[in-house]
Amino acid sequence: MAAPTRPQIESTVVLPHYKVEIELEGVYYTIDTDDISDISGDIRSTGSTVNGLAFGTYTEPSGQVAIYRRAVLDTGSATLAYDDTAWILHRMRISQAFDTSDYVPIFVGVIQSFDVDDMLITFRLISVLEYVRNTKIYTGATKNRPIATKTTISSEEDPTQPGYTAGTINRILWEAGGRPFAQYTDVTFSDAVFWYDCEQSIFAPQYTWLSGENLVEELFTLARSSGGQIFQEVRSIAGEGVPVIRYVQPLTLADLSTYASVYNFSADTYGSFRKTTSGMEVASLIKSTFTQRREYVLQEIYNDSTPKNLRAGETKEYDFETQLPVFSYEAITAANFRASRNHDNRLVDVSFTVVRQTATRITVEFENTESYPITIHEVKIKGVPLAVEEEGIVTYGSGEPVLELEDNPYIQSYGHALRLCRMVYDFYSQYRPIITLSNAIYDPDRFIGEIVQCINNDTDVWNGIMWVDNTVYYRIIGIKHSNAGATMEFTLVPIDNIPNRQDMYIVDETYISTDVRLLSY
Amino acid sequence: MRGFVDSPTFYSDVELSATDLNDLSNNLVLADAASRRKYPVHYINRMTGKQAIDGSFGELVEGNWIWRGGFQYRVGLTTARFVVFIDPHVGNMVAANKFQILFNDVVVHEQAVLTGGWFTIDIALGSLGYTDYQIITTICRVNVVNPYPNERIIGEIYVFDAYVFPISGISITSNPTLTNFGDLTATRLNDLSNKIDYLIQRMALVPIMPTHAFIMFQLIGWGIWNQHWLSTRVNFGADATHLKLHCYWLVFSPGTKIRIRLNGITNEYGPFTAGQHWPSGGTIEIPMTDFSAVANTDYLMSIFQAVDVDARGLRGDRLVLTAIEVVNPSETAIVSPAVNEMLESLQFDALQTRLNSYITAANTIDTRITDRAAIWDRAQMFRARMSLDEGQDEYWKTEMVHRMIRTGDILWVKGRNVRIGWGPSSSEPVKGDEEDIEIKWEYEETLTSANVESKIFYLDQFESLTPGTEYFITGDVHYAAEHLR
């Protein structure tokens with residue numbers, strides 16, 4: 001078979017047919033089509049319903065698959081009922097084909113919950129970010145580390161490898177089981193839970209560390225600190241749909257430099273349109289706070305005189321949490337601990353192993369190698385703390401309405417806050433209606449983030465002006481499919497006057513003396 | 001108030017940020033200003049006996065010192081240097097009397113006092129077991145052979161200079177060599193960024209010492225022809241061309257002048273207007289050519305008061321020297337802050353010119369640091385109050401207070417009951433002691449307890465103590481110094 005052709009896709013006679021699979025122990029099993037009642041899905045690149053270019057708004061794809069209650073899964077070795085809590089967090093994959101074409105994956109999600117009624121079992125699917133939510137990370141502090149670094153075929157993404165300098169978003173996604181899509185082959189990363197694809201962020205907070213936060217929230221907080229969007233999409237590799245989490249930096253949201261041609265939504269590709277214009281999130285004055293930290297000199301950053309008793313031969317692990325995040329530690333030796341034998345108070349050097357050192361926590365395993373119980377009386381650790389040096393507010397623009405950006409721990413300097421305010425101003429100060437094209441034909445070639453046009457899309461004019469502007473480019477920010485894939489709905493946002501990368505000086509590109517470009521934020 | 005920020009890191013395939021370039025530019029402006037630091041004059045005091053700072057005759061008793069102060073040890077410093085002049089009064093001093101230097105109450109150097117002359121005493125620091133950032137209390141004294149009052153040691157010993165070096169031995173980030181911008185490469189941009197960070201870190205290694213406020217050197221009492229006021233060592237570095245004496249005076253004797261002897265040449269400056277009722281203040285600026293002085297050379301400078309003796313006799317003149325500086329008045333800023341606008345449209349050759357001007361500025365600052373070794377390769381020792389003993393220290397507690405104009409971000413202190421005060425001040429009598437007064441400032445902070453402690457403070461934590469603010473350090477201060485960062 002072959003990939004679906006444009007005539008197949010645009011046919012009004014033959015509807016697409018679908019395939020739903022469920023994953024069990026890394027293998028996808030197909031659910032009998034006759035057992036499926038309905039499927040639907042919704043993928044968006046922004047959580048904002050009024051600003052299609054909003055930075056770092058929380059969004060997750062959602063999907064729904066309803067199957068008849070009679071359905072069971074035949075894995076070849078066993079038949080399994082779906083009505084089982086063991087299916088929670090397992091993945092489902094939805095693909096569609098046209099006529100005799102290959103199946104095209106359109107949605108991959110994680111089973112978050114399911115309902116059972118007298119006829120159906122309805123699975124609610126969410127993003128693979130659910131795996132991120134269940135991950136905890138403690139890291140050391142890094143300096144001037146971009147929030148995301150570009151994933152390439154050779155980028156080092158494994159934090160255990162020497163020379164690792166990947167961005168914080170990359171780190172979070174890796175630790176949650178994601179692997180770089182750019183390095184996808186049949187054999188690499190067979191353990192991948194999902195895939196990710198990051199662009200290089202334009203900001204790098206001065207200091208970054210992770211200490212057990214909710215990492216999904218942290219992903220979007222990072223994106224809000226530097227602009228850009230995080231969302232999930234589905235990509236196809238040899239007909240297999242794989243979920244890919246993407247970070248897109250703000251200056252490529254309107255970048256056309258990689259397009260040979262641009263798809264046009266003409267009037268016959270959809271049934272109806274809706275244009276929503278809102279004053280919410282449109283701002284003329286942007287405010288942002290910042291909290292600047294700095295490395296203080298080497299000093300005592302932890303002192304604990306709580307007695308810790310160890311029986312003879314006993315091994316115990318202790319976590320020591322520091323008040324301030326620590327940039328670097330002085331090497332820990334026996335001199336950092338004062339311990340004595342209980343029965344004669346003789347001081348002893350306690351045997352220890354530093355299990356891990358992170359920005360906010362040191363874990364040390366003590367072993368009492370004496371034949372007698374000992375007590376550790378004091379623990380003193382030195383390091384270079386990161387303390388708050390300055391807090392302030394930065395504004396850009398004038399007048400009203402005012403948009404106050406939420407406090408963000410990654411905005412750590414006056415300069416960072418100023419450039420973010422200016423960038424938000426450029427992205428938020430112009431009214432950008434949300435265009436919704438409904439009852440569109442199912443088109444698997446369209447994807448979230450694609451730049452498209454709407455030329456000759458509607459003959460309705462008012463006072464000589466098209467309701468849907470046909471002179472500008474749009475970005476697809478949402479795709480819904482419903483009626484078991486019979487129809488689609490696209491959400492678009494105009495991207496005129498958005499600064500973009502192709503107009504700017506790029507580090508390590510070659511220019512001649514008469515070239516003219518812009519400085520970035 | 002914005003100070004230095006860590007310079008940015010540039011990444012390949014990323015848009016060139018105007019904000020990052022502004023950070024480089026702003027840091028260069030600040031580095032330029034910081035690199036024009038004045039030569040740290042080491043105010044001296046003489047001892048022993050003969051005449052103490054307040055004009056009375058002093059005697060060496062247990063606990064007396066000639067000079068006391070301190071320094072901060074940093075890994076990489078190799079030597080503590082003292083330049084000492086001994087003028088023994090044979091007959092009063094005996095062979096058992098030794099000139100001693102003590103670090104943290106341990107004698108690290110001892111020599112006979114019966115042999116006079118100039119001595120450059122180098123004390124190796126490497127073997128003394130100090131840890132990085134440790135502050136060492138330092139005392140120069142003559143040991144007492146027989147307890148007072150049996151022993152009256154008369155003689156003169158001056159500590160003309162005291163510093164630790166080499167600052168260049170302290171390990172910091174590397175100093176990249178810059179090449180002019182052809183292509184816009186991440187390597188060149190990061191070299192420039194790292195160079196600026198290096199310059200800031202390099203200058204931040206050298207402590208900024210407080211002066212002694214109110215009364216630095218004061219002649220109280222009757223003017224005497226050719227009264228020796230003070231001697232100190234000065235070094236004009238590579239670029240400083242002028243000597244500046246900041247004074248105020250209340251002069252009754254006509255024809256009162258300041259007489260300076262330097263490099264074997266004596267010149268007089270003045271006269272000051274006599275018959276005043278209120279102190280006048282001013283600065284005497286003296287070209288180093290007056291003394292045929294050459295660059296990068298240590299000179300002994302002696303300052304005297306010269307008074308014409310007329311029929312009315314000598315009067316109670318008051319001449320107060322608050323600071324000595326060596327400066328280059330024609331030296332101007334080398335960096336003009338270029339404002340890089342976000343979304344600024346720029347032709348590439350204009351961008352190259354702008355970036356190359358940053359390279360020129362960074363290299364100039366680097367050269368200035370290297371050329372002015374007397375400023376940047378030594379850490380002048382902290383000079384504690386010039387009292388001779390605990391009793392005098394009490395007397396001077398409100399009159400010779402350590403004074404800083406905040407320049408840096410960090411203050412290191414060591415001592416007991418150390419406090420800082422800033423803002424408007426007032427003096428109040430001490431309860432139960434009508435002759436003693438206590439000075440209070442609008443804002444005061446206690447830095448150390450009644451025990452000797454070493455501590456670091458980040459000055460931003462003190463409300464309204466912004467850069468450029470004058471503040472005073474009181475208490476039993478063993479060491480106090482600012483650092484840029």
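Phe352(A) is partly exposed, because its relative accessibility is 22% and the buried class ends under 20%. This is a value from a predicted model.

Phe337(A) belongs to strand β23 of chain A, residues 337–341. Phe352(A) belongs to strand β25 of chain A, residues 351–357. The pair thus ties together parts that are 15 residues apart in sequence.

Over all chains, the structure holds 34 aromatic pairs. One of them joins Tyr263(A) and Phe265(A). Here the centres are 5.1 Å apart, the angle between the planes is 90 degrees, and the pair is edge-to-face. Both partners are buried: Tyr263(A) has 16% relative accessibility, and Phe265(A) has a relative accessible area of 1%.

Which strand holds Arg361(A)? Arg361(A) lies in strand β26 of chain A, which covers residues 361–367. Is Arg361(A) buried or exposed? Arg361(A) counts as buried, because its relative accessibility is 17%, and the buried class takes in values under 20%.

Tyr138(A) meets Arg361(A) in two ways. The charged end of Arg361(A) sits over the ring of Tyr138(A), 4.2 Å from the ring centre. The side chains of Arg361(A) and Tyr138(A) are also joined by a polar contact of 3.3 Å. A further polar contact, of 3.0 Å, runs from the side chain of Arg361(A) to the side chain of Glu321(A). Leaving aside residues up to four places away in sequence, Arg361(A) touches Tyr138(A), Asp319(A), Phe320(A), Glu321(A), Tyr329(A) and Arg356(A).

Arg378(B) lies over the face of Tyr163(B), at 4.2 Å from the ring centre.

## The second largest pocket

The second largest pocket holds about 800 Å³ of space. Its lining has 33 residues. Which of them are closest to the pocket centre? They are Glu295(A), Val297(A), Arg74(B), Tyr133(B) and Gln201(B).

Elements of chains A and B contribute to this lining. From chain A come β18 (285–295) and β22 (326–329), each with at least two residues. From chain B come α2 (186–204) and β23 (410–430), again each with at least two. The largest share, four residues, is supplied by α2(B).

## Chain A as a whole

Chain A has five helices and 35 strands. Its C-alpha trace spans about 95 × 70 × 45 Å along the principal axes. Of its 521 residues, 55% count as buried.

Contacts in chain A reach across the sequence. Among those between residues at least 6 apart, 74% join residues at least 24 apart.

How values were computed. Residues numbered from 1 in each chain as written. Chains lettered and ligands numbered in written order. Predicted model: local features only at pLDDT ≥ 70, side-chain atom pairs only at ≥ 80, totals over all residues. Heavy atoms only, no water. Phe/Tyr/Trp six-rings, centres within 6.5 Å; stacked < 30°, edge-to-face > 60°. Buried < 20%, exposed > 50% of the residue type's maximum accessible area, 1.4 Å probe, protein only. Lys NZ or Arg CZ within 6 Å of the ring centre and 35° of its normal. Polar contact = N/O pair within 3.5 Å; in protein donor to acceptor, adjacent residues only side chain to side chain. Contact = heavy atoms within 4.5 Å. 1 Å grid on protein atoms, 1.4 Å probe; cavity = no way out; pocket = protein on both sides within 12 Å on 5 of 7 lines; lining within 4 Å. Points joined across faces, edges and corners; volume = space filled by probe spheres on them.
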